[in-house]
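Visitor: I would like to learn how to read charge pairs in a model. Can you take me through one?

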Amino acid sequence: MKRSTEERSCPAEMDNNFQTHYKRLEKTRPPIEALRRFKTPAYEAVTRQQRAYLKEEPDE
């Protein structure tokens, strides 16, 4: 019987999988239809809020 730890990936393997996944995402462009749908007012508002949140400096 296999233990649950034998089925899990090691941290190095997980990091490698993430890196290759994001490299593939950088190379491929989204379809034009997806880009058009993303440019709706609702998404624009969320994007503005996220940018404002990221620009805030934490009080230390």
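Visitor: Which residues are linked in a network of salt bridges?

Guide: First, the general idea. Side chains of opposite charge can pair when their charged atoms come close. Now the case here, in a predicted model. Glu33, Arg36 and Arg37 form the network. The whole structure holds two salt bridges.

Visitor: How far apart are the closest N and O atoms of arginine 36 and glutamate 33?

Guide: They are 2.5 Å apart. The cut-off for a salt bridge is 4 Å, so this pair counts. Glutamate 33 also bridges to arginine 37, with the closest N and O atoms 3.1 Å apart.

Visitor: Why are arginine 36 and glutamate 33 separated by about one helical turn?

Guide: Because they sit three residues apart in helix H3 (residues 32-38). Glutamate 33 and arginine 37 lie four residues apart in H3, also about one turn.

Visitor: Is arginine 36 buried or exposed?

Guide: Exposed, with a relative accessible area of 54%. Arginine 37 is exposed too, at 54%. Glutamate 33 is partly exposed, at 37%.

Visitor: What share of the 60 residues is buried?

Guide: Buried residues make up 2%. The protein exposes about 6,600 Å², and carbon and sulfur atoms supply 54% of that area.

Visitor: Which residues make the nonpolar surface patch?

Guide: Met14, Phe18, Tyr22 and Leu25 make a patch of about 430 Å². Tyrosine 22 lies in helix H2 (residues 11-27).

Key. Residues numbered from 1 in each chain as written. Predicted model: local features only at pLDDT ≥ 70, side-chain atom pairs only at ≥ 80, totals over all residues. Heavy atoms only, no water. Patch = residues over 30% accessible without salt bridge, like charges linked within 9 Å, V, L, I, M, F, W, Y side chains within 5 Å. Areas by Shrake-Rupley, 256 points an atom, 1.4 Å probe, with all protein chains shown as cover. Salt bridge = Lys/Arg side-chain N within 4 Å of Asp/Glu carboxyl O. Helix = DSSP H or I, 4+ residues; strand = E, 2+ residues; numbered from the N terminus. Buried < 20%, exposed > 50% of the residue type's maximum accessible area, 1.4 Å probe, protein only.
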